[in-house]
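Good morning, colleagues. Please bring up the sequence and the model, and I shall take you through some local features.

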Amino acid sequence: MEDVVVMFPSLGIGHLISMVELGELIITQDPSLSITILLTPEHYEATATADYMKTVTKTTPSITFHHLPPLDHPPDSSIPFYDLVFQLVKQYRPILKDTLKSISNKSTIKAAILDFMSNDAFEICTGLGIPTYYLFTGSAFGAGIMLYLQMMLKNLPGSLKDLEVCLEAPGTPPIHSRDMPITLQDRNSYSYENLISTSNNMGKSFGIIVNTFAALEPRVMKALADGEYVPDGPTPPTYYVGPLIKSNKTSSDGDNNKCLEWLSLQPSKSVVVLIFGSLGKLKRDQLMEMAKGLEKSGQRFLWVVRNPPPENGPGDAFELKDPSLDDLLPEGFLERTKDKGLVVKNWAPQGEILRHDSVGGFVCHCGWNSVLEAMHAGVPLVAWPLYAEQKMNRVHLVEGIKVALRLKMTEDGFVTAEELAERLKELMEEESGRKIRDHVSKMSECAKAAVVDGGSSRVSVAEFVDSLKSLRPLEQHVFQGLVTIDVNKSCPGVTLYSTQELWRSHNGASKGLSFFGGMWTDRTVLRCHEENETQENRN
């Protein structure tokens, strides 16, 4: 039977791309492995996502997409997006369990890799004896905060939304309560409950794979390595494998080529790009104000504009109808700025744009995939967070790793034309902007070095694949999903932990044997032998 790694991404093409890129790295490291990516119908509704999957299937046959059947009663798409994602995975648990059993009848499942927002699949995977890892598509900073979450929140007198406090975490600047993710603001909310569960399960996982690279976040990585984010137990192994960004593929789409052709007519490092991720939508008054700010700044720009979100509810996060630019932008704006600016409807090839020589700055929503694309391309940022964990990311980008300028915003997130114009001028023309540009240029060199043979991220991928090779079945009896063994017969003199714990090694400091999901590692066996020998010598 073939060895397979099963992946379960969250919704959003950025999460899917990170999974696919990781899958390609795994099978490059070990071609004997194959990758199966589980998708719900909600994953591939968007045309861009479906087209991307077709390309992957054609170019990388070792990666297959397994389409899960639709739910009889799917969650209401009008509920908040992150509640929708958590609820969707929860409702898929019975189908997921049957699917994994079916796959295991034909293949050996070496591991399951879950997006952190696919957390409800964790107990299904571990209950079937599958070593389970998390792919954290955000930063090492975000992964650390997730592990430290209960420690940060446990002594607070109420919900974050009702407090004005600064929260402390190892290796990071203080984070104001209002900058914490909206999903954590109300401790009685469904999303809060799910993120606390995710924090618990990540700490019990076989390891955390993080989409970052060594030079970008050294302080946070040191705190993770020192165990500061999990003070009451061992930290799971962490693998820094980034940047996981979409492969450099030239697009043949006419609108995409129009962007690149326009950029080719602009001077080197002269254009500011404004793109707000796959879900970013701004209100009409903010779009008007942005246009005024761009015109006032005098900078060259490429701006992707979408229709505003519905005024009476969240609506469909992925719906992209063509906007009417004449209705959304100031009268005469397009004509007045036609020599310096290009406005694109809905979507543009962000990665290709950022890699273009004419691009010198990026107004970014602080989503981590976009940050990594910018770092790889050497493009400095102006931070404009919109949703999810992006305000928290802004703290990290501006104060922690110093790759972005901060935009002043009102309490409800509004940015004035004057503020936008000033920050763009600062980034492109002033000394403070030059320092950030120089630093990001160095990060670009490090990002590229990390992903070549022998680079830090490729070494980390190799270590992860080696950890898969070292997993082997344990002689066991299975009773209601729990592993039971005769400790004295199998491994005398060694501590047995519960099946919900994981043996981990911190520079050889950890002791004992932990059985998890019916698997153990060669390193565990080696330690077992060493302890037996020590006992025999004492006798």
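How close do the axes of helix 16 and helix 17 come, and at what angle do they cross? Before I answer, two remarks on the basis. This is a predicted model, in which local features need pLDDT of at least 70 and side-chain atom pairs count only at pLDDT 80 or more, while totals for chains, interfaces and linings use all residues. Residues are numbered from 1 along each chain as its sequence is written, and side-chain values use heavy atoms, with hydrogens and water left out.

Now the answer. The axes of helix 16 (residues 417-429) and helix 17 (residues 431-450) come within 5 Å and cross at roughly 60 degrees. Axes here are lines fitted to C-alpha atoms, for helices over the stretch in contact, with angles from 0 to 180 degrees between N-to-C directions. Helices (H or I, at least four residues) and strands (E, at least two) are DSSP runs, numbered from the N terminus.

In contact terms, meaning heavy atoms within 4.5 Å, Glu426, Leu427, Met428 and Glu429 of helix 16 meet Glu431, Ser432, Gly433 and Arg437 of helix 17.

Seven strands form an open sheet with parallel pairing, in the order 3-2-1-4-5-8-9; two strands pair if DSSP finds at least two bridges between them. Strand 3 (63-67) and strand 9 (238-240) each have a single partner strand, so one side of each is left without a neighbour in the sheet. Within the sheet, strand 4 (residues 107-115) and strand 5 (residues 132-136) pair in the parallel sense over four bridges, and Asp115 stands opposite Leu135 in strand 5.

Next, some single residues. Thr99 lies in helix 4 (residues 93-106) and, at 9% relative accessibility, counts as buried. Buried means under 20% relative accessible area, exposed over 50%, and partly exposed in between (1.4 Å probe, protein chains only). Beyond its neighbours within four places in sequence, Thr99 is in contact with Leu38, His66 and Leu68.

Finally, the backbone. A cis peptide bond, with omega about 0 degrees, joins Gly242 and Pro243. Cys366, although not a glycine, has a positive phi of about 75 degrees, and Cys366 is buried, with a relative accessible area of 1%. Lys269, also not a glycine, has a positive phi of about 55 degrees; at 45% relative accessibility, Lys269 counts as partly exposed.
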